[in-house]
Amino acid sequence: LAVTSQSFGTTDCTYLARCSFCQRESYIHSLTKRVPESHVVMDGAMRVVALTWLTLTHGQVTGEQCNSVPRSSATTEWCKQSCAMLLAFVRMRMPYETMDFNALLGANKMNTWAVCPSAFRSIVFARLAHEIKQLQPDDLPSVERRIRVAEHAAREFVTKNITGYLEAGTSFAPWFHLGTVFEVIKENFSAVFSRQEQLLPTPKRNAIAEVLQRSLDSDAPTMGPMQMLREQGWRSGDFQGSDIASLERAALLLAEADFVRVSKAYGIPGSGGLMGAARDEMNHLLNLGQKFLLQSYLHAKAAAPAGLTDLYGLFTAVWQTGVPIFEILDRLDSQVLESIFLPTSQTHSDAPFLVHVLPTRNVESNHVRAFFDLHCDQTFKDLVEKHKNLRQPLMVVEIGTHLGGCVLYALTHLPKETRALAIDAYGPAVAALRRTAASNGLADRLTVVEQFVCPDDKRRYSLELKATGPAMVQPAWTETAADAASEMSGPKPVECRSLDAIFMEYGILEVDLMRIHVLGREYDALRSGERFFANGKVKVLAGSVSQQNTKPGKMAEMLFRHGYSLHFREFRDEEVVLVLQNQMILPKSTLTMTAHSPDSPV
């Protein structure tokens, strides 16, 4: 994305992309488009924000910086938006090398850090991790210099009121970025820890490690780690023994606090969260956890050889115990209830909109936490815009809704008579979406169904959380044989139902706007309700398309056969069918194909 010109209020952006469908790989095409500053351009999972224009600094013209006194209102606004963008980068929990270099360069030139110290701290951690990756294997002195920087920064989070940080939530994900530094050192330069002996594994330590990992992996835990241990026969005295390190106790207490947070004490007081007994319980556990965390830190400092005190501290304690303390603290710092604003909404423009998300690091939850916005592609938003002036009550359906970014966008930006059905197979996401609907007065307009959609009711699918990036996970589904399903441990496999059967159960006779994004199984799901398309009962469809799709050409053929006009990038109708049949030329990132029935009103 290259910014060719800018003015306050709107931005001219030039989009440069390699032509995926041309014979010459070097062919580059460009498109210049004017977008409002608030406009978000979605291209699958890649999110481009119009704030990229900030890389052309106002200060290059005026000589002002963010710490200039006095400074113009234009510079003040630039610095405010620059800080918001940098904080979004660090909250997305992405490596330093994936951050926008031009945005960082602009921030340096304008000294954004003077008004944005929180972003500066996390970017320092992220850059430390990046620098350590570039060091030669024998360059231990350079590694130790960076450990000293990281330990100095960690001291603030350990010795000061960590409970205050975690009660309100930070805006800059410090524990994730600090933990990344530790992981990079452990992976590439473990020799720097050779002066410290690791604690030997014991049955108790193994049990603690197991329940902590179970807690970290769960989006909807049914009990905390301490209760898990009690279920295994632990008694009160077992948590107090000298054979448990202070950091292990801290981890258990903090993970227990997280269980209370994600099950009973959602959000921040004043931003959707409520006071009460559950929050008091969480705060009590946080306070106890911090005491043991501080104790562990001080023990590590006290054990340092002469002259090496600044090398010892939190990293030492984590190395010795193997406790995932950074992951636990970052999870506590990842809000499960965010208060966002929807200024263009027809129904919620004048009040905060409360979005329940998941505690694990997944694309949609991180997006809401980073940008305070619903996660929905621009193509679907444009379709919603075209439906705004239709007078009749509308029915919207989203298949593969996850946390409901698009169906919620439709309900809040279309007339209040609009009704919607949201379908997803992942139970924790379904529960979170139902909480979002209830928190915003939408429960009577939105029906949320936990279901896997496919043509064969006898098929079953089992859940697996798969990594989708350096620090991201996403639900994935594998078909399971019926006889194997009864023998499986873990979450119960989800049964299939056809779209036809689901629509019949909920009395849906016609759909005005449908979106589907089911990780490549779009054709399988849509053909389970083919009679609706054959009769033109789905007026407009927005379907996800990528190289990972199963039979995308068949999906396009089916829709075109039933009279739908097809749109995909610059292609239309038969061209779309041909492009999707040649699946390997499709990009790996997700794009959107649209289909309009012959009598579609838009």
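**Entry 1: Lys388 and Glu385**

I first looked up Lys388, which forms a salt bridge with Glu385, the closest N and O atoms being 3.1 Å apart. I noted the criterion: a salt bridge is a side-chain nitrogen of Lys or Arg within 4 Å of a carboxyl oxygen of Asp or Glu. Lys388 counts as buried, at 18% relative accessibility, whereas Glu385 counts as partly exposed, at 44%. Here buried means under 20% relative accessible area, exposed over 50%, and partly exposed in between (1.4 Å probe, protein chains only).

**Entry 2: basis of the values**

I recorded that this is a predicted model, in which local features need pLDDT of at least 70 and side-chain atom pairs count only at pLDDT 80 or more, while totals for chains, interfaces and linings use all residues. Residues are numbered from 1 along each chain as its sequence is written, and side-chain values use heavy atoms, with hydrogens and water left out.

**Entry 3: further salt bridges**

I searched the whole structure and found 27 salt bridges. Side chains of opposite charge can pair when their charged atoms come close.

I then looked up Arg515, whose salt bridge with Glu398 has its closest N and O atoms 2.8 Å apart. This pair links distant parts of the chain, 117 residues apart: Arg515 lies in strand β15 (residues 511-516) and Glu398 in strand β8 (residues 395-399). Helices (H or I, at least four residues) and strands (E, at least two) are DSSP runs, numbered from the N terminus. Both Arg515 and Glu398 are buried.

In helix α4 (residues 117-134) I found Glu131 and Arg127, four residues apart, about one turn of the helix. Their side chains meet in a salt bridge (3.1 Å, N to O). Glu131 is partly exposed at 24% relative accessible area, and Arg127 is partly exposed at 43%.

I also noted a network of salt bridges that links Arg459, Glu479, Asp524 and Arg527.

**Entry 4: strand β16**

How many of the eight residues of strand β16 (residues 538-545) are buried? I found that eight of the eight are, so the strand is largely enclosed by the rest of the structure.

I next examined its partners; two strands pair if DSSP finds at least two bridges between them. β15 and β16 pair in the parallel sense over five bridges, and Met514 stands opposite Leu541 in β16. With strand β19 (residues 591-596), β16 pairs in the antiparallel sense over six bridges. Ser544 stands opposite Thr592 in β19.
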